[in-house]
Amino acid sequence: MSGIYIHVPFCKHKCHYCTFYSLPYIREDMEYYISKILTEIELHQSDDARIESVYFGGGTPSLLSNEDFSKLISKIKGSFVVLEDAEITIEVNPESVTKEKALAWRQAGINRVSIGIQSFMQEELGKLGRVHDVSDIYQAIFDIKNAGISNISGDLICGLPKQTKEDWQANLEKIIKLDLEHISIYPLQIEENSEFGRSLDQETIDKLDDNMIELMQITHTYLENNGYLHYEIANYAKAGFESKHNLIYWKYKPYYGFGPAAASFDGKVRMQNSSSFAKWANGFSKEIDLASKDKKIQMAEYTFLALRLLRRGLVKSSFESKFGISFDSVYGKLIEELISYGWIIDLEDLYILSEEAMYFANQIFAEFLPD
Amino acid sequence: MEQIRNFSIIAHIDHGKSTLADRILEFTGAVQDRDMQEQLLDSMDLERERGITIKLQAVNMSYTAKDGNTYQLNLIDTPGHVDFNYEVSRSLAACEGAILVIDAAQGIEAQTLANLYLALEQDLTIIPVINKIDLPGADPERIKEQIADEIGLDPDDAIEISAKMGIGIEEVVEAVVKRVPPPTSGLEDKPLRALIFDSHYDSYRGVIAYVRVVEGKIESKQKIQMMASKERLEIDEVGVFTPLMKIKQSLKPGEVGYVITGAKDINHVRVGDTMTYFPNGAEKPLPGYQKVTPMVFCGLYPTQGADYDFLRDALEKLQLNDASLTFEPENSVALGFGFRCGFLGLLHMEIIQERLEREYELDLIATAPGVAYKVLMADGQTLMIENPSGMPEAKKRQHIEEPYVLATIFTPDEYIGNVMEIAREKRAIYKDMVYSNDGRRVKLVYEIPLAEILYDFFDQLKSKTRGYATFDYEFIGYRKSELVKLDILVNGESVDALSTILHEDNAYYKGRQLVQKLRSLLPRKQFSIPIQAAIGNKIVARETVAALRKNVLSKCYGGDISRKRKLLERQREGKKRMKQVGNVEIPQDAFLAVLSLDDGK
């Protein structure tokens, strides 16, 4: 089983927190991009690869025309074995959704939409540099549902400058009312090379840090009480609506990445397409992450990805069948220490993160990496 | 010699000893009324503020009795609190008689008895005095019954007085002259033997020794030797306290006074040592004092590290006339260099701390008090452990014993329930309950581990009886207890200074309390820190000081994994560096808050 990720690198506008690879949208570039990516998909043609998920991410994949979508999806179906019940997701911004587009996506075979809500407060949207307004959110979701797409995920960004607990609580209440199948919560990361990183001073950033954990705890309690399972560190879903695509990443399964800057994993080695549009287009050059060939690194990645799944956790027997060595013989001492700190819970055949440890999981994950 | 009377006054706190002493000084004319500072013998500010006597003093008075003879009366003061038992035995060794002061309303109390026994051991003549007969609650007849029943003295010998009103003072002084025997005579020609029963340090004159001459004679310019320290000195000055220092030609057998030798080093003139001639000294020293062992321990640290040497000097000077104070160097990661000090009891500890702060102007940090544990090791040897960090591992020991005290609590009857509740919480073993004749006051007797009364016992007792209960205790010995050592681990490393020894039933609660308190006090770092309480290898409580958001969750999808891993690798590098630098630094105020942790706060 594997997945396919298609990176659509164009945006009409760059958001203030974004560090993903993106280019300004020009229709001619888009056409060139489509012709190239069709070639790239064809190059990886395989009768053995059984695809359970296709994900159109970006950038802004909703900039693709109906015709672009049809071409892409039929190329994928012609090159791989796409399972009947495969999850086919498109990532969208609220302002780019129209009734017509939603219908076209549905007709092209898209059965899941991930919508970047980010906030229900106009002021917060302004700060984030989003171009949509609050009414766009409601209109977009109405259109998507009306088009017959019944699996919708919404993203919210938490911990904005000056955001109070009450502000955040109000955001949570609004997203609950939309009755979506899936919710992703991202703490605002102030990246150095984002607009935010350049405009905020260290003192302001430190203040933001102070209440982040509290906001995350509020989120955990509130969403769980409202029927959403906290199944992964940043993700909540109604039962049965966990993102198949993201589960591929966390379960250490292989996936194809097409388009500039897209990453792929063959089950052993990670690689990434060149993030230069020109280099990608002129021969699909990619960079291999050499460290990912190291078994110690592989075991560490496997472990921290598995621990991100809060309910499933790290299944000892799966680890052993994957690496041919028992988990405890590799990490026994470390795990014992983490258990004594109350950060890991031992459920006999599996280990999971404790609730408190969810909020500083990176520190724990770092412990698994080789010295 | 026939005209010398050496005596002291024994009393419970508040029973009026100092007032009686003042009246005697007034009556004999040693002090004029107008010069009288209330309670003159209590010369330390601290003593007057607290209404207690800590340091003993000696005063020389001249009194012409009804028989027409003029007597030299030496009043040697004694502290009233049981903590200062040791001092009492010292001053009693210099006397032939003692006035036993009993409150006409409250009767004989535990501490009075303890001191009385010391006096009886030394064969002193006891003059029972019933004080405060002017008060409405006074019941001298009942007290007389107590005198007969509880201490076996003739109740007809008791003198009824009111020191405050000046009633019966002459009778007391006359009784001292008539009943207290003079010191043994005919010893002036023997080699000198003088007992140093106290001393203090004067910045200009050096060590001033308080002595009682038993045999021989002390004169100025004489060469003498200390029999224990072997130190040889020349006498600069001898004299008596009247109560001011008054120079005399010599001190003869039976006389009490002071000796100045110019000695600057307090170790040369030790309390309890015997002074003799050099050469041609006495063969045997006088019996010293029974050495008392400290019961309560705490760490004392100067807030300014530079004051360490000054603190040691101050402790040495205090130890000069308080051999019951012990100290040895100790250091702590958080508090720096200081001393582990041993005291006779809680009051003694407070007094020493206050004296260091007031008289030596030291700014001190005191850690929570603890007791000394007796540990029977698997190999059969016995260890005394004063510092929890020195407790051997569980597998190396057979059992631990802890000191117990007999606690006597007086309370109005409506608070019996509250007192019993406190006692239960403090692992107290009920022994006795006695109602007063009018049924309104109750005496409760318990055996309690000393460690349990060191924390908030007194505060709780006061608050739950609206301040009406009184409380006394005396040491009754070591007993086996189910004790455990509770360690605190910060970031996986044990913090020595935070280890405690406690009853296993309290370990979980206390462990939880400690880690919660620490969590609230430790600053948040770039990485999360586990705080654990452990008994041996078993974790009994734990908390986490959560990190700043640098470590907070974030999204992690396909394209991110390599990048994510690299971020984690960088983070790991950073953490490794931190481990190299050392353990998590615990700020001093966090340490103090934990070390002074009170229940219920």
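A:Asp179, which comes just after helix H6 of chain A, takes a positive phi of about 55°. This value, like those that follow, belongs to a predicted model.

Within H6(A), the buried residues are A:Trp168, A:Asn171, A:Leu172 and A:Ile175. Viewed down the helix axis, the buried residues fall within an arc of 100°, so they line one face of H6(A). An α-helix has 3.6 residues a turn, so residues three or four places apart point the same way. The other side of H6(A) carries the exposed residues A:Glu166, A:Glu173 and A:Lys177.

Helix H3 of chain A, residues 99–108, has A:Lys101, A:Ala102 and A:Trp105 as its buried residues. Because they cover an arc of only 100° around the axis, they lie on the same side of H3(A). Among the elements of chain A that cover them are helix H2 (66–79), strand E5 (81–92) and helix H5 (134–146). Just after H3(A), A:Gly109 has a positive phi of about 105°.

The contact between the chains involves 37 residues from chain A and 29 residues from chain B. On the chain A side, the elements that each supply at least two residues include strand E8 (182–187), helix H8 (202–225) and helix H14 (361–368). H14(A) gives the largest share of this side, five residues.

Methods
Residues numbered from 1 in each chain as written. Chains lettered and ligands numbered in written order. Predicted model: local features only at pLDDT ≥ 70, side-chain atom pairs only at ≥ 80, totals over all residues. Buried ≥ 20, exposed ≤ 12 C-beta atoms within 10 Å, placed from the backbone. Helix = DSSP H or I, 4+ residues; strand = E, 2+ residues; numbered from the N terminus. Arc of directions from axis to C-beta. Contact = placed C-beta atoms within 7 Å.
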